[in-house]
Amino acid sequence: MRLSRYFLPVLKETPSEAQIASHRLMLRAGMIKQASAGIYSWLPLGYRVLRRIEQIVHEEQQKAGHIPMLMPTLQSADLWRESGRYDAYGPEMLRVRDRQDRDLLYGPTNEEMITDIFRSHVSSYRELPMTLYHIQWKFRDEVRPRFGVMRGREFLMKDGYNFDLTYEDAMHAYNRHLVSYLRTYERMGLQAIPMRAESGPIGGDDTHEFLVLAETGESEVFYDSEITELTFGERKIDYESREECQAVLEEFTSRYARTDDTHVDTEFEEQVPEERRRRARGIEVGQIFYFGTKYSEPMGATVVDDQGNHVPVHMGSHGIGVSRLLGAIIEANHDDNGIIWPEGVTPFHVGIVNLKQGDEAADLACEQLYNAVVEAGLEPLYDDRSERAGAKFATMDLIGLPWRITVGPRGLKNGVVELTSRRTGESEELTPDQAVTKVAQIYAGKL
Ligand code: 5CA
């Protein structure tokens, strides 16, 4: 992409309505524009990151054996009357009436709809286990939408639903989700800690929220500091193996880590030595639930088991806040000059800055670099505008591409360009070929 042809409406001034860094930076970097309270348009740069995050979520879900699909945003109220949640959900639900006077709603979540799909098509235990998921826009009429995409009214969620014959099978699905979530967040450069939480309107007793520690987080959390030393890393996992998945759950959830809803002072003090007790704030980027037959029973989602009995299926649901993740990633990765994207989610892999647009040698070198980067399978953003170098650097720093190649007539006389890391600020002089090879190698390990 050439910046002269792109749509990147960066803001010079800091928008006064934004209270936290991620919201400010997303507005300043031209990633989003508010359409109305808690509802945003995704401008091209923001949309790119959103798509990258979705892609990682898809890949990790499918590795775990979960099946992608897509359900609509508008749902019939009748389904929600069957589960009893139409009245119970309250004013967060946006209710709509069509021209036939039928009650619809803009889905805040999809337990009812997926249960209806399941009961229409699945009748034997032989078809289980099954986990279906989608990535779709949700609407919750939050009392206080704020912090940009962090607490929106319309937001993008990955929501997955498991259908299992027994409690044990359903807990295996729960554990698979826990593992796949750990991997998903790590690929985005985030540490998200599973913490015992409250299930709220989704229901059920077993639930964990995944929290990214951040001062600006909306949740208060209490945890044993040892937990922050755990990473899933590059290890292999066999998702079919109950033991392996259960072992990961135990490893990541045996230490004290709870949100304020489930926190108990006396237990915290008993279980964690004082020097390891931490009280902090966090951003909830996902939640997993086991709720058994809460929906399958009232809605008649049963299968015939191997004895010929009709039994309601055990279910759980598992969500990732896809659009919220942009905010969480930026909260965890920025400095005074702007965003610092982790390689896994960056909107472009490398920025090319031409210090002297119109200089024949510089223009030619940039074109060649651009083509070489594309040939290496990466996406460059080439700042080919006739701007001052300082302005070009400021834009690159603001939008946060992890790597920048700077090309100027002076360096070219010696056959070199400059490769700069956004995170460390360190630069090195390399030939254009070496610079492309190095960037390609970095991404080969990160994508
Ligand atoms: N049906 C279940 C799991 S699929 C469910 O709805 N879970 S949830 O309510 O916890 O939402 C899943 C994730 O969506 C949350 O962990 C959070 O990351 C994200 N989320 C929830 N509300 C909002 C909101 N108003 N704005 C942005 N993201 C949100």
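A residue is counted as near a molecule or strand if one of its heavy atoms lies within 4 Å of it. The structure described here is a predicted model, in which local features need pLDDT of at least 70 and side-chain atom pairs count only at pLDDT 80 or more, while totals for chains, interfaces and linings use all residues. Residues are numbered from 1 along each chain as its sequence is written, and side-chain values use heavy atoms, with hydrogens and water left out.

## The ligand and its surroundings

The ligand is surrounded by 22 residues. The closest of them are T109, E111, R140, E142 and E284.

| Residue | Ligand atom | Distance |
|---|---|---|
| R140 | oxygen | 2.8 Å |
| Q287 | oxygen | 3.1 Å |
| S317 | nitrogen | 3.4 Å |

## The three-stranded sheet

Helices (H or I, at least four residues) and strands (E, at least two) are DSSP runs, numbered from the N terminus. Two strands are said to pair if DSSP finds at least two bridges between them. In an open sheet, three strands follow the order β4-β6-β5 with antiparallel pairing. β4 (74-76) and β5 (94-97) stand at the edges with a single partner strand each, so one side of each has no neighbour in the sheet. On average, and with direction ignored, neighbouring strands of this sheet are turned by 40 degrees against each other.

Three bridges connect β4 with β6 (residues 103-106) in the antiparallel sense. L74 has Y106 of β6 as its bridge partner, and S76 stands opposite L104 in β6. β5 and β6 form a hairpin with five residues between them. D101, in the turn, has a positive phi of about 70 degrees although it is not a glycine.

## A cis peptide bond

The peptide bond from L128 to P129 is cis, its omega being near 0 degrees. P129 belongs to the loop between α5 (111-121) and β7 (130-139).

## The five-stranded sheet

Another open sheet contains five strands in the order β20-β19-β21-β22-β23, and its pairing is mixed. Its edge strands, β20 (380-383) and β23 (427-430), each pair on one side only. Neighbouring strands of this sheet are turned by 20 degrees against each other on average, direction ignored. β22 (residues 417-421) pairs with β23 in the antiparallel sense over four bridges, and E429 of β23 is the bridge partner of E418.

Helix α12 (residues 389-399) packs on this sheet and touches β19 (350-354), β20 and β21 (403-407). Contact here means heavy atoms within 4.5 Å. The direction of α12 makes about 170 degrees with that of β19. Axes are lines fitted to C-alpha atoms, for helices over the stretch in contact, and angles run from 0 to 180 degrees between N-to-C directions.

## Packing of α1 against α10

Helix α1 (residues 21-28) packs with helix α10 (residues 322-332) at an angle of about 105 degrees, and their axes are 8 Å apart. That makes α1 roughly perpendicular to α10, a term covering angles of 65 to 115 degrees; angles under 35 count as roughly parallel, over 145 as roughly antiparallel and the rest as oblique. A21, S22, L25 and M26 of α1 make the contact with L326, G327, I330 and E331 of α10.

Key
A polar contact is a pair of N or O atoms within 3.5 Å; within protein, one must be able to donate a hydrogen and the other to accept it, and residues adjacent in sequence count only if both atoms are side-chain atoms.
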